Amino acid sequence: MGLKKFAVSLAPTPLVKLFANPYVAGDSIGAAVDAAQKLWDERRVCSTIDLLGEELESDEEVQYSVDVYERLIDTLGSQDYATISLKPTQLGSHRGTDNCQEVISRIVRRAEQYNIKVTLDMEDNSFTDMTLDIFRALNKDHPTFGTVLQSRLFRTDDDIISLKGLNARIRICIGIYNEPKEIALQSKSEMKRKLLQQVELLFKEGHYPEIATHDEAVINEAIDIAEKLNIKKDQYEVQMLKGVPKRAFQDELIQNGILVRLYVPFAQKWKYATAYCKRRLAANPAMAAYIFKNILQKIAGRR
Ligand SMILES: Cc1cc2nc3c(=O)[nH]c(=O)nc-3n(C[C@H](O)[C@H](O)[C@H](O)COP(=O)(O)OP(=O)(O)OC[C@H]3O[C@@H](n4cnc5c(N)ncnc54)[C@H](O)[C@@H]3O)c2cc1C
């Protein structure tokens, strides 16, 4: 771990909360739904809304997450611009795959009543098998249920091949978790090169790739791959995180007929949000300096 990443990992919750501001929609269902609605109304940007929380180890906490997701789904209702994302370790993985699958299937069934699509996020490598098992099991009855693959893992090509025939929504990203060299690429440029190869493989296997990166060159190359393969623009989308300053590029993509979706997390309880926020800051410590500068400018402006 580099020095900057180490410093971020030690940051106290109030500081993380301050810096998390651009990445997180707020601390209520209403704030998340309003953020998604605003993105759509003002810019035709779609969203995937995520309740922050992971590594929950009590049934009460898991039930709390289920309740919040169900209220989120009822509040969103039928619409075309927002999906939801969720994590196994927030939804019962502490009691094994069957329990986690049962909990997630309750949310998926509720979402289906409103035609809201659900994506199962991918966590670190100790959850890859569990996540794909749950994905396969639920995708049978819920074909819009999607998941995520990480290009840094050596196993990902095989995982794509193993999903043959599902024509699924697959978010493909480099992956945010540091993984050991025995099982994963260590160089970011190699992860990105691999991501592009996997976008091509996903197209060839008939899936709907959700290309999740902020790297404009990678996105442009992925679009070139789609054009070369005669893939229509409604057969893939580009995803980015709320808070990463890429507005002009996103607007340009939308003008060119490409669907752009932002990951819009919200926190009901901040203690559950800190792990996500620390990962985002560790991924880009320069952002902390940028936010701090903005805060100082705002304070100076008020004087
Ligand atoms: C919608 C979405 C969903 C994701 N879901 C998962 C998942 O389920 N599992 C998983 O392991 N990973 C997930 N990720 C994380 C992803 O794997 C990467 O770690 C993350 O997107 C950074 O990689 P990058 O491809 O954008 O490349 P980078 O090289 O990190 O970023 C390219 C450029 O974007 C900007 N940028 C990137 N990140 C930030 C930031 N935090 N703040 C400010 N600027 C930034 C910088 O200018 C940077 O140079 C997701 C990412 C997105 C966008």
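**Ground rules.** I call two strands paired if DSSP finds at least two bridges between them. Helices (H or I, at least four residues) and strands (E, at least two) are DSSP runs, numbered from the N terminus. I number residues from 1 along each chain as its sequence is written. I also remind myself that this is a predicted model, where local features need pLDDT of at least 70, side-chain atom pairs count only at pLDDT 80 or more, and totals for chains, interfaces and linings use all residues.

For angles, I use axes fitted as lines to C-alpha atoms (for helices over the stretch in contact), and angles run from 0 to 180 degrees between N-to-C directions.

I then looked at β1 (residues 46-51) and β8 (residues 259-266), which pair in the parallel sense over six bridges. Cysteine 46 has arginine 261 in β8 as its bridge partner.

**The whole protein.** I counted 12 helices and eight strands in the protein. Of its 303 residues, 40% are buried. My scale counts other C-beta atoms, placed from the backbone, within 10 Å of a residue's own: 20 or more is buried, 12 or fewer exposed, and in between partly exposed. Among contacts with a separation of 6 or more, 72% join residues 24 or more positions apart.

**Two helix pairs.** Two packed helices are described by the angle between their axes and the distance between the axes. Helix α8 (residues 188-204) packs on helix α9 (residues 216-228) at about 25°, with the axes 10 Å apart. So α8 is roughly parallel to α9. My cut-offs are under 35 degrees for roughly parallel, over 145 for roughly antiparallel, 65 to 115 for roughly perpendicular, and oblique for the rest. The contact includes Leu195, Leu196 and Phe203 of α8, and Val218 and Ile225 of α9. By class, the contact of α8 with α9 has eight nonpolar, no polar and three charged residues. (Ala, Val, Leu, Ile, Met, Phe, Trp, Tyr, Cys and Pro count as nonpolar, Asp, Glu, Lys and Arg as charged, and the others, Gly among them, as polar.)

Next I checked α5 (97-112) and helix α6 (residues 128-141), which pack at about 50° with their axes 10 Å apart. That angle makes α5 oblique to α6. By class, the contact of α5 with α6 has seven nonpolar, three polar and one charged residues.

**Loop residues.** Arginine 44 lies in the loop between α3 and β1. Arginine 44 has a positive phi of about 60° although it is not a glycine. Is arginine 44 buried or partly exposed? I found 14 other C-beta atoms within 10 Å, so arginine 44 is partly exposed.

Asparagine 115, in the loop between α5 and β3 (118-120), also shows a positive phi, near 60°. Asparagine 115 counts as exposed, with 11 C-beta neighbours inside 10 Å.

Last, I looked at valine 244, in the loop between β7 (237-241) and α10 (247-255). Valine 244 and tyrosine 23 are 221 residues apart in sequence and 7.3 Å apart in space, C-alpha to C-alpha.

Technical notes:
Contact = placed C-beta atoms within 7 Å.
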